[in-house]
Amino acid sequence: MSEKIRESMSSVDVAWLRMDRPSNLMVICGVLAMDERIPITRLRSTVASRFLCYPRFRQHPVKTAAGFQWESDENFDLAHHVVKAELTKGAGDAELESLVSKLVSTALDPRHPLWQFHLVGNYKNGSALILRIHHCYADGIALIQVLLSMTDADRAGRRAGSVPTPPANRNDADDDPLEQLLAPLAGTLKVVSTAGSMLIEKGTELWRDPGKAVALAEQGGALVGEIAKLALMSEDSATPFKGESGVAKRVAWADPIALDDVKAIGKALGCSVNEVLLSSVAGALRGYLVHRGEDVGDVMIRALVPVNLRPPEKAYRLGNKFGLVFLDLPIGIENPVARLYAVRANMQKLKGSFQPVIALGILAAMGAGPKILQERLLAMLAKNATAVMTNVPGPQQPLYFAGGKIDRLIFWVPQSGNIGMGVSIITYAGQVQFGLITDRGLCPDPEQVIERFAPEFEKLVLSTLLAPWPWQEAPTAAWIERAVLA
């Protein structure tokens with residue numbers, strides 16, 4: 001018998017692998033809705049030529065005496081990974097949502113590479129493709145690039161999609177973010193890695209003794225101050241979205257909104273597209289809670305927001321190379337303009353923050369340290385947030401996959417610890433698509449949240465149009481005040 005081929009696994013990727021638990025699987029899930037029925041043979045051919053050119057996807061993680069490593073699957077069978085799933089004749093979004101909800105709650109087989117493509121027939125007049133890939137292989141930015149490298153710009157496949165196909169012999173095994181990710185910040189990363197290791201070695205000492213965190217902050221320095229701030233962070237508001245997670249999940253998506261409309265309102269109000277979208281998300285969550293009869297007066301929900309830390313030219317490389325920031329969403333603010341500027345102010349506070357780099361260092365230390373301490377640290381970090389929210393820029397022209405035109409592109413991110421909600425935003429072909437995943441025991445009706453996203457954006461547009469407008473490039477403080485009172 002030939003010797004099994006094994007490669008080292010980065011500490012950050014190990015951390016995502018070890019975060020897996022039945023109540024929150026670390027699996028990224030996506031759906032491609034296409035305008036025609038795709039034959040399974042054509043799909044398998046596309047996966048074989050364009051997905052498996054990444055050698056990593058023929059490997060699965062295994063635990064060895066030396067730690068976790070990538071090992072080639074000697075019994076690799078494409079038919080196990082690219083499978084068919086039929087809905088009842090005439091099925092639509094409700095039936096597809098039900099199937100996706102079932103799959104996101106189902107673990108992948110650890111004996112094989114941790115990914116699967118499900119080709120769904122009988123979806124409207126075409127087909128849908130459900131993709132499930134474990135987070136330990138790569139983050140969302142990298143996986144979107146992998147997906148795009150599998151697409152074409154025309155149905156016949158004569159022109160490639162928006163990103164080049166990577167070399168088939170690319171080996172990313174040694175692409176460890178702690179050494180190669182941010183060369184200009186190598187010194188900072190070293191300090192952060194050391195800080196993360198310190199947190200692991202000392203277990204939860206800082207969290208159990210806030211006085212030590214205060215003393216740490218008093219030592220001065222932005223980096224040290226950020227570490228202390230994370231240690232002293234209080235929990236966000238208690239809402240029905242927060243609680244003990246169960247196994248069953250629910251997914252939902254909404255009709256898309258035009259990206260040009262979001263850009264226009266952002267430009268008019270001097271805010272970014274991301275700020276406008278997150279403000280609309282906050283409004284949708286507020287509307288849902290009000291509908292349930294909850295008191296939202298002073299409610300603040302905190303979201304973990306991934307921040308990409310890889311250079312654009314390396315976006316396609318596998319592995320996890322992102323940090324995290326804690327963003328406060330002011331659910332208690334009813335006025336859409338006031339809420340937008342509160343979101344903007346909170347985003348501005350995070351600019352230049354060391355939080356993303358600190359999070360990367362802590363993840364690396366978590367992957368390298370004992371699992372019991374990782375579990376404790378993860379639980380303490382996760383308790384300070386209610387949701388994971390991510391915004392991924394996608395291609396702005398229609399693309400084709402295995403000969404089928406992609407009409408809609410949606411994805412969902414996993415939630416760590418006991419976080420029970422994930423909001424995913426992706427732009428595609430001039431549209432903004434919202435996806436929502438919730439814990440069924442906490443929020444059994446995510447469609448009641450998702451259907452409020454577009455109306456909340458429309459409220460913001462209407463409030464802007466009705467407010468006294470000074471007709472200048474950027475709104476003044478006086479105009480903002482008038483708009484809020486209008």
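# Exercises on cavities, a pocket and aromatic pairs

The second largest cavity is lined by 18 residues, and those nearest its centre are Leu25, Val27, Val104, Lys249 and Ile437. The exercises below concern a predicted model.

## Exercise 1

Describe the second largest cavity by its volume, the elements that line it and the classes of its lining residues.

**Solution.** Begin with the volume, which is about 140 Å³. Next, consider the elements: β2 and α4 (93-104) each supply at least two residues of the lining. Finally, sort the lining residues of the second largest cavity by class, which gives 11 nonpolar, five polar and two charged residues.

## Exercise 2

Determine which residues and elements line the largest cavity, and state the classes of its lining residues.

**Solution.** The largest cavity has a volume of about 210 Å³. It has 18 lining residues, and the closest to its centre are Ile28, Leu131, Leu143, Ile144 and Leu147. Two or more residues of this lining come from each of β2, β7 (126-134), α5 (140-148) and β14 (404-412). Among the elements, α5 gives the most, with five residues. By class, the lining of the largest cavity comprises 16 nonpolar and two polar residues, with no charged residues.

## Exercise 3

Locate Ile28 and His135 in the structure, decide whether each is buried or exposed, and list their contacts.

**Solution.** Ile28 is found in strand β2 (residues 27-34). Its relative accessibility is 11%, and because buried means under 20%, Ile28 counts as buried. Leaving aside neighbours within four places in sequence, Ile28 is in contact with Leu131, Arg132, Ile133, His135, Ala138, Asp139, Gly140, Leu143, Trp412 and Pro414. The C-alpha atoms of Ile28 and His134 are separated by 6.0 Å, although these residues are 106 residues apart along the chain.

His135 lies in the loop between β7 and α5. With a relative accessible area of 6%, His135 is also buried. Residues up to four places away in sequence again being excluded, His135 touches Trp16, Met26, Val27, Ile28, Asn320, Phe322 and Pro414.

## Exercise 4

Classify the ring pairs Phe51 with Phe117 and Trp115 with Phe117, and state which parts of the chain the Phe51 and Phe117 pair ties together.

**Solution.** A pair of aromatic rings is described by the distance of the centres and the angle of the planes. The structure holds 11 aromatic pairs. For Phe51 and Phe117, the ring centres are 5.1 Å apart and the planes stand at 70°, so the pair is edge-to-face. Phe51 lies in helix α2 (residues 40-51) and Phe117 in strand β6 (residues 115-123), so the pair ties together parts that are 66 residues apart in sequence. For Trp115 and Phe117, the centres are 5.5 Å apart and the planes stand at 85°, so this pair is edge-to-face.

Phe51 counts as buried at 1% relative accessibility, Phe117 is buried at 0%, and Trp115 counts as buried at 1%. One aromatic cluster is formed by Phe51, Tyr54, Phe57, Trp70, Phe76, Trp115, Phe117 and Tyr137.

## Exercise 5

Characterise the second largest pocket by its volume and its lining.

**Solution.** The space in the second largest pocket is about 280 Å³. Of the 16 residues that line it, the closest to its centre are Leu17, Asp20, Pro110, Leu114 and His134. At least two lining residues come from each of α1 (11-18) and β3 (59-64), and β3 gives the most, with three residues. By class, the lining of this pocket has 10 nonpolar, two polar and four charged residues.

Terms used. Residues numbered from 1 in each chain as written. Predicted model: local features only at pLDDT ≥ 70, side-chain atom pairs only at ≥ 80, totals over all residues. Heavy atoms only, no water. 1 Å grid on protein atoms, 1.4 Å probe; cavity = no way out; pocket = protein on both sides within 12 Å on 5 of 7 lines; lining within 4 Å. Points joined across faces, edges and corners; volume = space filled by probe spheres on them. Helix = DSSP H or I, 4+ residues; strand = E, 2+ residues; numbered from the N terminus. Nonpolar A, V, L, I, M, F, W, Y, C, P; charged D, E, K, R; others polar. Buried < 20%, exposed > 50% of the residue type's maximum accessible area, 1.4 Å probe, protein only. Contact = heavy atoms within 4.5 Å. Phe/Tyr/Trp six-rings, centres within 6.5 Å; stacked < 30°, edge-to-face > 60°.
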